[in-house]
Amino acid sequence: MLPKSRLIRNSVVALDGFTGFTPVQSRLVQRIMGMAKEVIVTAVMDGREENPYAVRGEQQLFYLSKKTAADLIRLAEEEGVPRGRDVFIREGKPLAGQGSGGYEGEVRWVEELPRFAGNQEMQHLEKYLFRYPAKAYQGENKAIHMIEASSPGEEIRQICIKIRELIRKKEYCYRDFAIVTGNLETYAAHVETEAEKFDIPVYMDYTKGILLNPFIEYIRSALKLVMDNFSYQSVFHYLRSGLTGFAREDTDKLENYVIACGISGRKKWSSLFTAMPEGTGEEELASFNRMRLSILEQFVPLMERGTGTAGEKIRALYYFITENRVQEKLAAYEKMFQNRGEMSRAREYGQIYRLVMDLLDQIESLLGEEKMSMKEFADILDAGFGEIQVGTIPQNVDRVVVGDIERTRLNKIKVLFFVGINDGNIPKNTGSGGIISDIDREFLKESPYELAPSPRQQMYIQRLYLYMNMTKPSERLYLSYCKVNNEGKSIRPAYLIDTVKKLFPALPLARPEQRSFEEQIESKKAGMDYFTEMLRNYAAGAMGEEEERKFFTLYHIYRADKEYEEETRHLVDGAFIRYQEKSLGKKLARLLYGQMLLGSVSRLEKYASCAYAHFLQYGLSLKEREEYGFEAADMGNMFHGVLEKFTGKLQENGYTWFDFGEEDADRILKETLEEYASAYGETVLYSSARNEYAIERMHRILKRAVNTLQYQLKKGSFIPENVEVSFTMAEDLESVNIALSKEEKMKLRGRIDRIDTCEADGNIYVKVIDYKSGNRKFNLAALYYGLQLQLVVYMNAAVEMEKKKNPDKKVVPAALLYYHVADPMVKFDGEVTAEELDALLKKELRMTGVVNKNDAVIAYLDGEFTDKSDILPLERKKDGSLSVKSSVINEEELQEISRYVNQKVKEIGTEILEGKIAIDPYKQGTDSACDYCSFRPVCGFDGRIPGYHYRNLGEMGAEEVMEKMREKNTAAPLE
């Protein structure tokens, strides 16, 4: 292209600010020499040398400049371009008879360097920095300053304070300042943060990678999706890249649906979505299917085009990008950022498409015919993306330039801040030196090939960059270092600090962060940091009288400022935050719940556990995202469902719980379990080998449960009257239809797993059994606090139903029991027979709960009970009386418990409709309402914040609980 350029031909080309040229750049300069009328190149050298071109060793300060000059002279000779007359600028006055030193050139003498006019310190620094022998400066230090800070962040903060101070006092402009460092990666974030606080406009002169750009994420996630065959993670990584065209809310809804239904793999994404989890409507399902088809259409180019060579993959990827109109979407982003005034981001989006296309072209030209897998292709692309850097240009004229000592070129700078002068930054770590050893370098030194600088050469080159940067400012130079790094590790000052101290022995070391806070507040925004810290100390009571006076001065300043008034109020509220119990109010609660409060006993227990958790779950209807899987809760649902259906199938096959055989029970159970499993949770139990094993495990557990339940029934006189008894639709049961006031009512919904009855002595005895997949124990104290109401509410409902069936007979509660559906492990010494093992397992599976203390009732429950029952929580002492290990209660106490629970249910219902939503989780011993609460991220409960506390429930014995229940019943008798 260059030979065709009309601009270059016969023009004057000036190259300024270059320290050297790469081999490619050297060839370009050589071509320009042959075409242009004149080429002028500036170089930094020591004009005091007799022959500045003499190259005496790479350790010389200006070795790189001299080598560059020698290379340019050689290139000019090779191109056949005559050399013009060189111009040398020397400081001082010519001596009599002094010539040009044996080389052609014009010498221009200046008394002192123009940019250092009247600045003796900077002139001294320029003359003696990295020169030997060094000469100490004897005058007063006004232009050069040295700063020590505790950390990189504090270092930058103090520099921002100094910039604001100099602008205020010396009438500088922001463009008169520059900040340079040997480690921009460490300091860039600090500069951007602190400069924003001090309202200092900065231009960060650095290139940044593009790996986090949405376009790169779009390509990488698309390839990952193909490689992973539409896995859940890869699909939604792609959908959230920002360039797919789907709204975020729609993507969130689709993700919830996919997780709930366990959709993963191309086969499932290619099939029509038909599953409808709870809460999914027909219209929403149709929307999901439209999104599914759109995603599949987007991937047609990648899925169906050639996949053999790298060239075929690149063409498929290019077609994928163009078909999805990515370039238009990137242009829209660029325009959006331009409108927002974020020009650096707009420039990034303006360049990204071209840079990626160039990378694809390069890969095709180098590897187009190479066969490779999709993973290899993706790895090559990732390596290429990692090398792409995007630069920015300054967006305004008056700004502080921030850059690297090697990359950044400064012009007309009055004040320079050189930060991070620590070991590791100065000299910069140069790495291992590459694959060529020092011996190889010596061998190749005389070859015509240009080698990259060795680590030693790079150290000498860095020294030149240090000299050039430190001699740039015309008025002031600030050198700073810190004592610890970002990780809090101690670091030492670099050798440069001692070098400067030798040149300026009287140079003081400043520690500006130790100044009073009044001297450091240069902007209101930055002052908020001091205010926040002082507010924290004041709230903690760790502030003296003088500090308190300063704090209130700051407080009144910010509180009176309209810009900071609201932020100040929020900070004060945060510092003195405490939880205060609030209520919805009766009116709002009625709007939320209605006059008829519907709910299960579990809902009441949730309220007793924590009123706020109840509000979140039943008031706001918050719930955890439904996930496709089979967990412990699902197993409990399966147990309930299978046992209910098993009872029905027994009747269909002409059996009762007393007369089925083991083989018949196993056959019926398998049939029931298979039916239930095939319909449960969108066939989740057949989705993996792990879940299919769960079916086998459940069969084993249920088989044990069926046999044990039959054994327990046969030992007593009770007959299963009803299973899965629902009282949801019962309108005439007072125990579940409760009047809370003249206008408000509560209706309880639920199912009783099993009701057994025994008719004897003219009485109807009732036993209620609740199946549990967890090993739950009946606790009278927990019942008193409202945490275990279920069994008693079920018994009250069962008794009331039996009374309606048998109005002329007395109905007596016999037992309230839990049966743990499990396959327990037993311990024994030595060998046991099958019969002994079966007996041990039956004892492990004996029911828990509470039993009527009446001996006649106990006999009806377990006719073989003598010393220790293997079906009930009963034991006898040697004298025949029941031991303290027996969980029994007399009929009068059962009546008290029944009355108390009815009163407790009414009390809880009344409080719910009054709008009480206090964050008051209970704590009893080591257990608390927060242990497994799914709402912990929502409620914000924190015991360290005043006002938040657990509702500690004391441990009580059975007698104490009964006494308290009697007191409550007496104080508030049932109507």
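Residues are classed here by relative accessible area, buried meaning under 20%, exposed over 50% and partly exposed in between, as computed with a 1.4 Å probe on protein chains only. The structure is a predicted model, in which local features need pLDDT of at least 70 and side-chain atom pairs count only at pLDDT 80 or more, whereas totals for chains, interfaces and linings use all residues. Residues are numbered from 1 along each chain as its sequence is written, and side-chain values use heavy atoms, with hydrogens and water left out.

Side chains of opposite charge can pair when their charged atoms come close. With a salt bridge taken as a side-chain nitrogen of Lys or Arg within 4 Å of a carboxyl oxygen of Asp or Glu, the count comes to 59 salt bridges. Among them is the pair formed by Asp199 and Lys525, whose closest N and O atoms are 3.4 Å apart. This pair links distant parts of the chain, 326 residues apart, since Asp199 is placed in the loop between helix H5 (184-197) and strand E7 (202-205), while Lys525 belongs to helix H20 (residues 524-539); helices (H or I, at least four residues) and strands (E, at least two) are DSSP runs numbered from the N terminus. Lys525 is partly exposed, with a relative accessible area of 26%, and Asp199 is likewise partly exposed, at 45%.

A further salt bridge joins Lys649 to Glu675, again with the closest N and O atoms 3.4 Å apart. Because Lys649 lies in helix H26 (residues 632-652) and Glu675 in helix H27 (residues 662-679), the pair ties together parts that are 26 residues apart in sequence. The two partners fall into separate classes of accessibility, Lys649 being buried at 11% and Glu675 partly exposed at 40%.

Asp86 is buried, with a relative accessible area of 15%, whereas Arg83 counts as partly exposed at 48%. Salt bridges also link Lys67, Asp71, Arg74 and Glu78 in a network.

His699 is found in helix H28, which spans residues 689-714, and is buried, with a relative accessible area of 15%. When contact is taken to mean heavy atoms within 4.5 Å, and residues up to four places away in sequence are not counted, His699 touches Asp666, Leu669, Lys670 and Leu673.
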